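Please keep the sequence and the model in view while reading.

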Amino acid sequence: MTLLPNSLEARDVAYYFHPATNARRHERLGPLVMESGHGVYVRDDQGKEYLEGLAGLWSVAVGFGEPRLVEAAARQMAKLPYYHSFSGKSHPQAIALAERLVNLAGGRIAKAQFTSSGSEANDFVVKLVWYYNNALGRPKKKTIVSRQKGYHGVSIASASLTGMPNFHREFDLPLPFVRHLTAPHYWRNAAPGETEEAFSARLGAEFEALIDAEGAETIAAFIGEPLMGAGGVIPPPAGYWRTMQAICGKHDILVIADEVITGFGRLGAMFGSHKYGIEPDILVASKALTSSYFPLSAVLISDAVYQAVADNSAKIGVFAHGFTASGHPVGTAVAMENLDIIEERDLVGRAGRLAPQFQGRLAEFVSHGNVGEARGAGLIGALEFVADKATKAPFEAPGAFGARLAELCQEEGLIIRAIGDLVAFCPPLIISESEIDEMFDRFARALGRI
């Protein structure tokens, strides 16, 4: 890219250190600068329009440019632009949202606390689990079990939970409180002839072996996305969550559902936990909570966890955790309006109704010579590309195929996410039938050029 002096692109390269980016490559190529968005489309500073096939970062449920969210933020800004939640202070929007989320989650969930991102939320979850076990007089019960390819954030604690090597390399992570089990990816990790139920049982046996080796008195919690997102859009195999929850119940291990991507309709249910029969002790939500119009996340906890923590706060005199922006009035107001839109437009039900078309179009690409697997659920899906379909062997230069395909998609006016040699689709929940076809048609043109 030729960067014109003092252009947005040149100033970006000069001053902006981007997250999740190859910094030297960015210096050579410069940014794609987005200026506006409407519905499922965004427009760059050159006037080119793109269909946003990943809803930003898996998150803009109600689409771009939704006036009701803008108005909700403006109303709250005018009335009470900020207040905190420390020392018993509160405000109407945080109260309303906490009540609403507890009722939407159901099951064991009884209380909500707010943070600003999924990473921040999962960082808090680690502290909460440790505090909880200290409160119960179990100081050794601190290990949290995660999965390879799981994604739970990028802060020091949450990146340790994440099971993706690039989030650990050169950061001196993961920290030693985490153990990672095999990813529940049936296509990639199952033995020849092994059924999904048998595969799930084998993964359960791996979990039991870890508990036996380290002692149940040291294992505090098991964390997992109902459907794994950033690690490759991996739906759980049959029997998986039933097996893992039974093991957690047997050994008094908390179940943590990371619903940062799967919450609020993505899978055709309000939460992925509802779809897969998960009964979490702790549920983490963010992204589609406000459609990412405002930074906000929620940590929802069971009454049992709350009671132990509350008793200990009385013993100590305080639960000494919180952030300046916890339960921010503008963020919680936007979340309430966003949830109103999701419910009024039945976007949860709509995701379920559109899933056959979405997943069907995705499956059409299995005939391509380098597509190893098409997978997904609801309105999220992925295609995994391999050098050899029969052996599932990766490309000689891992990631190059996916990166090139993402570039070609961008040229065709489509934004998708390349994760190595896998491409992921996760459009806004408001996407129409014709826009689903348009998204996959644009992708097909890009794939035909590679």
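This is a predicted model: local features need pLDDT of at least 70, side-chain atom pairs count only at pLDDT 80 or more; totals for chains, interfaces and linings use all residues.

1. The largest nonpolar core comprises 62 residues, and Leu-101, Phe-264, Phe-385, Phe-425 and Phe-443 have the most contacts inside it. Another core, of 26 residues, lies apart from the largest one and includes Tyr-131, Phe-177, Val-284 and Val-299.

2. The second largest pocket holds about 880 Å³ of space. Its lining counts 32 residues, with Ser-85, Ala-112, Gln-113, Phe-319 and His-321 nearest the centre. Among the elements that give two or more residues to this lining are α5 (92-105), β4 (109-115) and α6 (118-135). By class, 19 of the lining residues are nonpolar, 10 polar and three charged.

3. The whole structure contains 16 aromatic pairs. One of them, Tyr-151 with Phe-167, is edge-to-face, at 5.3 Å centre to centre and 65 degrees between the planes. Tyr-151 sits in the loop between β5 (143-147) and α7 (156-161), and Phe-167 in the loop between α7 and β6 (178-181). Tyr-151 is partly exposed because its relative accessible area is 23%; Phe-167, at 24%, is also partly exposed.

4. The Phe-365 and Phe-440 rings form a tilted pair, because their centres are 6.2 Å apart and their planes meet at 40 degrees. Phe-365 belongs to the loop between α14 (347-363) and β11 (371-377), and Phe-440 to helix α16 (residues 433-448), so the pair ties together parts 75 residues apart in sequence. Both residues are buried. Ring pairs also link Phe-358, Phe-365, Phe-425, Phe-440 and Phe-443 into a cluster.

Technical notes: Residues are numbered from 1 along each chain as its sequence is written. Side-chain values use heavy atoms; hydrogens and water are left out. A nonpolar core is a set of buried Ala, Val, Leu, Ile, Met, Phe, Trp, Tyr and Cys residues joined through side-chain atoms within 4.5 Å. Buried means under 20% relative accessible area, exposed over 50%, partly exposed in between (1.4 Å probe, protein chains only). On a 1 Å grid over the protein atoms alone, a cavity is a set of points where a 1.4 Å probe fits but cannot get out, and a pocket is an open set with protein on both sides within 12 Å along at least five of seven lines; lining residues have an atom within 4 Å of a point. Grid points are joined across faces, edges and corners, and a volume is the space filled by probe spheres set on the points. Helices (H or I, at least four residues) and strands (E, at least two) are DSSP runs, numbered from the N terminus. Ala, Val, Leu, Ile, Met, Phe, Trp, Tyr, Cys and Pro count as nonpolar, Asp, Glu, Lys and Arg as charged, and the others, Gly among them, as polar. Rings of Phe, Tyr and Trp (its six-membered ring) pair if their centres lie within 6.5 Å; planes under 30 degrees apart count as stacked, over 60 as edge-to-face and the rest as tilted.
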